[in-house]
Amino acid sequence: MIEFFIVAFGVFLGIYASEWQNQKKVSENKNKSLRYILLELTNNKEKLQKSIKYHEIIKVNFDSIGKTLSEKDVLIPYFENKKFMHNRIKNWQGIGLPDLEDVAFEGAKIIGITQEIEIELINSISKAYKLQKVSSEYGKSILDRVVNINSSSKTIDVIASIRLLTTDYLTYEKLLLIQTEKTIAEIKKVPKA
């Protein structure tokens, strides 16, 4: 009978040790994933800040040119326009969309570690990445509009694209930056296990 209890106790200890090791591994993966997500969001924040600064400069310079154009100027074909060319906007360096990453978050989802993160935090992280995805898609739609300029495009079409970039898209970038900063602050509050 004592042998049975010794064997049972040994099995119990083995299961307990195995479960403890598994939980330790899950905690380590959770901490690593949160570190990677924090690093990724911090890098994305820096890219957003640069993009916002650039788009604000373009907005000011574009607005000053826009005031000089008449209704006739904006209705002529873009390539025939001598008064306005987008690449002549002071400080123009292209559309300037930030290349925001989501690899760390996608990796955490793939390995299933997100189920180990508190629901409020995962909601905040998910919201930041969702806003990031929508921002990227919106920016791509503006880029596509500019890339598809052709001989039949009117000057007003190009102006509308740049206006979208320097108003709606810029506003969206600022909202994304706020959410990203909020999420970074929440991740930094998580105690290390």
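Histidine 86 is buried, with a relative accessible area of 18%. Buried means under 20% relative accessible area, exposed over 50% and partly exposed in between, with a 1.4 Å probe and protein chains only. This is a predicted model, in which local features need pLDDT of at least 70 and side-chain atom pairs count only at pLDDT 80 or more, while totals for chains, interfaces and linings use all residues. Residues are numbered from 1 along each chain as its sequence is written, and side-chain values use heavy atoms, with hydrogens and water left out.

Histidine 86 sits in the loop between α2 and α3. Beyond its neighbours within four places in sequence, histidine 86 is in contact with Tyr78, Trp92, Val158 and Ile162. Contact means heavy atoms within 4.5 Å. Asparagine 91 belongs to the loop between α2 and α3 as well. Its phi is near 70°, a positive value in a residue other than glycine. Most residues other than glycine have a negative phi. Asparagine 91 counts as partly exposed, at 42% relative accessibility.

The protein has five helices and zero strands. Along the sequence the pattern reads α-α-α-α-α. Helices (H or I, at least four residues) and strands (E, at least two) are DSSP runs, numbered from the N terminus. The C-alpha trace spans about 100 × 30 × 20 Å along its principal axes. The radius of gyration is 26 Å, whereas a compact globule of 193 residues would have one near 16 Å. That radius is taken over C-alpha atoms, and the globule rule is 2.2 Å times the number of residues to the power 0.38. Of the 193 residues, 36% are buried. Among contacts with a separation of 6 or more, 86% join residues 24 or more positions apart.

Glutamate 181 lies in helix α5 (residues 155–188). The C-alpha atoms of glutamate 181 and lysine 45 are separated by 7.2 Å, although the two residues are 136 residues apart along the chain. Glutamate 181 is in contact with Lys45 and Gln49, leaving aside its neighbours within four places in sequence. At 32% relative accessibility, glutamate 181 counts as partly exposed. Leucine 131 is part of helix α4. Leucine 131 and aspartate 157 are 26 residues apart in sequence, and their C-alpha atoms are 27 Å apart in space. Leucine 131 touches Tyr172, Leu176 and Gln179, not counting residues up to four places away in sequence.

Aromatic rings were examined next. A search of the whole structure finds five aromatic pairs. One of them joins phenylalanine 62 and phenylalanine 84 edge-to-face, at 6.1 Å centre to centre and 65° between the planes. The pair links distant parts of the chain, 22 residues apart: phenylalanine 62 is in helix α1 (residues 2–66), and phenylalanine 84 is in the loop between α2 (71–75) and α3 (103–110). Rings of Phe, Tyr and Trp (its six-membered ring) pair if their centres lie within 6.5 Å; planes under 30 degrees apart count as stacked, over 60 as edge-to-face and the rest as tilted. Both phenylalanine 62 and phenylalanine 84 are buried. Ring pairs link Phe62, Tyr78, Phe79 and Phe84 into a cluster.

The largest pocket holds about 170 Å³ of space. Its lining consists of Leu100, Asp102, Phe105, Glu106, Lys109, Ser126, Tyr129, Lys130, Gln132, Lys133 and Ser136. Two or more lining residues come from each of α3 and α4 (119–147). Helix α4 gives the largest share, six residues. By class, three lining residues are nonpolar, three polar and five charged. Ala, Val, Leu, Ile, Met, Phe, Trp, Tyr, Cys and Pro count as nonpolar, Asp, Glu, Lys and Arg as charged, and the others, Gly among them, as polar.

The search of the whole structure finds one cavity of 30 Å³ or more. The largest cavity has a volume of about 50 Å³. Asn31, Leu34, Arg35, Leu38, Ile187, Val190, Pro191 and Lys192 line this cavity. Helix α1 supplies the largest share of the cavity lining, four residues. The cavity lining has five nonpolar, one polar and two charged residues. On a 1 Å grid over the protein atoms alone, a cavity is a set of points where a 1.4 Å probe fits but cannot get out, and a pocket is an open set with protein on both sides within 12 Å along at least five of seven lines; lining residues have an atom within 4 Å of a point. Grid points are joined across faces, edges and corners, and a volume is the space filled by probe spheres set on the points.
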